[in-house]
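Student: Hey, I'm new to this one. Can we go through it together, bit by bit?
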Amino acid sequence: MPESGTTGKLIAKPSNYVPKQPTHIECSIERTLDAIGGKWHFLVLRELFGGTKRFGELQKKIKAISPKSLTETLRHLEEQGVLERTAYPTVPVTVEYTLTPKGQDLHQILKEMKLWFAKWS
């Protein structure tokens, strides 16, 4: 609603529906998406919310992912501190992936995204 200025003229408030033209975006959402927004990241997180998994278990659960893509995704999430990799000295080496507290903290956020989609789809 317009407000009255000191001269008695109406001053229009900016509308929330008018797009802005930002010149520079420094956004934590962008940084979050850089950390977890890759093509396979959410599916890997979904599987790890159920507990520790081995590489082969993840590959079976996410059928369309190639071994190379899974490896790259796991490495990226590990670099971001979202999951940790534990290797055991067996033949062949046994490797397990577990979410860190930082990764577990994403669970509620992803649940909310799922609820949003269910509500609006």
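Student: Okay, let me pick a residue. Which helix is Thr73 found in?

Tutor: Thr73 sits in helix 4, which covers residues 67–79. One thing to keep in mind as we go: this is a predicted model.

Student: Noted. And is Thr73 buried or exposed?

Tutor: Thr73 is buried, because its relative accessibility is 5% and the cut-off for buried is under 20%.

Student: What does the side chain of Thr73 reach?

Tutor: The backbone oxygen of Ser69, at 2.8 Å.

Student: And leaving aside neighbours within four places in sequence, which residues is Thr73 in contact with?

Tutor: Trp40, His41 and Val44. Two of those names come back in helix 2, residues 41–48, where His41 and Val44 are among the buried residues.

Student: Which other residues of helix 2 are buried?

Tutor: Leu45, Glu47 and Leu48 are on that list as well.

Student: How many salt bridges does the structure hold?

Tutor: Three. Another one joins the side chains of Glu96 and Arg54, at 3.9 Å from N to O.

Student: Where do Glu96 and Arg54 lie?

Tutor: Glu96 is in strand 5 (residues 94–99) and Arg54 is in strand 3 (residues 53–54), so this pair ties together parts that are 42 residues apart in sequence. Arg54 is partly exposed, with a relative accessible area of 42%.

Student: And which residue does Glu72 form a salt bridge with?

Tutor: Lys68, and the closest N and O atoms are 3.8 Å apart. That takes us back to helix 4, where both Glu72 and Lys68 lie, four residues apart, or about one turn of the helix.

Student: Is Lys68 buried or exposed?

Tutor: Lys68 is exposed, at 60% relative accessible area. Glu72 is partly exposed, with 44%.

Student: New topic: the surface. Which residues make the nonpolar patch?

Tutor: Trp116, Phe117 and Trp120 make a nonpolar surface patch of about 450 Å². Phe117 lies in helix 6, residues 106–120, and it counts as exposed because its relative accessibility is 53%.

Student: Let's zoom out, then. How many helices and strands are there?

Tutor: The chain has six helices and five strands. Going along the sequence, their pattern reads β-β-α-α-β-α-α-β-β-α-α.

Student: How much of the chain counts as buried?

Tutor: 22% of its 121 residues.

Student: Last one: what share of the contacts with a separation of 6 or more comes from residues 24 or more positions apart?

Tutor: Those residues account for 44% of such contacts in the chain.

How values were computed:
Residues numbered from 1 in each chain as written. Predicted model: local features only at pLDDT ≥ 70, side-chain atom pairs only at ≥ 80, totals over all residues. Heavy atoms only, no water. Helix = DSSP H or I, 4+ residues; strand = E, 2+ residues; numbered from the N terminus. Buried < 20%, exposed > 50% of the residue type's maximum accessible area, 1.4 Å probe, protein only. Contact = heavy atoms within 4.5 Å. Polar contact = N/O pair within 3.5 Å; in protein donor to acceptor, adjacent residues only side chain to side chain. Patch = residues over 30% accessible without salt bridge, like charges linked within 9 Å, V, L, I, M, F, W, Y side chains within 5 Å. Areas by Shrake-Rupley, 256 points an atom, 1.4 Å probe, with all protein chains shown as cover. Salt bridge = Lys/Arg side-chain N within 4 Å of Asp/Glu carboxyl O.
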